[in-house]
Amino acid sequence: MIEKSLLQELIQFRKERDWEQFHNPKDIAISLSIEAAELLEWFQWRNKQEVSEMLASDKREKLEDEIADVAVYLSYLCHDLGIDLNQVVKNKMIKNAAKYPKDRVKGRADKYNEYE
């Protein structure tokens with residue numbers, strides 16, 4: 001999902017700082033989870049109106065930074081594990097289409113094993 005040239009910039013950035021030594025899959029996954037939690041904090045205790053107001057304010061940049069952090073760590077993880085993110089998302093969509101047939105789940109929030 002990140003352009004190839006941008007991924008190469010990320011890899012070069014990491015290499016120039018000698019951070020590969022710290023970036024094993026376990027620790028990248030931990031960092032990804034931490035950054036995702038920081039993203040959640042942006043929404044915590046806010047209703048839809050408050051979120052809309054924050055999106056229109058100078059606080060939006062903080063949200064964008066958190067999203068970028070999640071994307072960076074996910075990109076590193078996929079790169080290091082040899083995973084093509086675009087392909088695995090496509091594969092997952094095929095599985096989701098089978099789990100959640102639109103004629104059975106449209107407009108419903110049930111989990112796939114809860115609807116009849």
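Analyst: The answer below begins with the model and the chain, and then turns to the rings.

This is a predicted model, in which local features need pLDDT of at least 70 and side-chain atom pairs count only at pLDDT 80 or more, while totals for chains, interfaces and linings use all residues. Residues are numbered from 1 along each chain as its sequence is written, and side-chain values use heavy atoms, with hydrogens and water left out.

The protein chain has six helices and zero strands; helices (H or I, at least four residues) and strands (E, at least two) are DSSP runs, numbered from the N terminus.

Two aromatic pairs are found in the structure. Rings of Phe, Tyr and Trp (its six-membered ring) pair if their centres lie within 6.5 Å; planes under 30 degrees apart count as stacked, over 60 as edge-to-face and the rest as tilted. For Phe-13 and Trp-19, the ring centres are 5.7 Å apart and the planes stand at 75°, so this pair is edge-to-face. Phe-13 is partly exposed because its relative accessibility is 37%, and Trp-19 is partly exposed because its value is 36%. Here buried means under 20% relative accessible area, exposed over 50%, and partly exposed in between (1.4 Å probe, protein chains only).

The pair of Trp-42 and Phe-43 is also edge-to-face, with 5.0 Å from centre to centre and 70° between the planes. Trp-42 is buried, since its relative accessible area is 6%, whereas Phe-43, at 35%, is partly exposed.

Charged side chains also meet rings. A charge sits over a ring if NZ of Lys or CZ of Arg is within 6 Å of the ring centre and within 35 degrees of the ring normal. Arg-17 lies over the face of Phe-13, at 3.5 Å from the ring centre, and Arg-14 lies over the face of Tyr-76, at 4.5 Å from the ring centre.

Not counting residues up to four places away in sequence, Leu-7 touches Ile-2, Ser-75 and His-79, where contact means heavy atoms within 4.5 Å.
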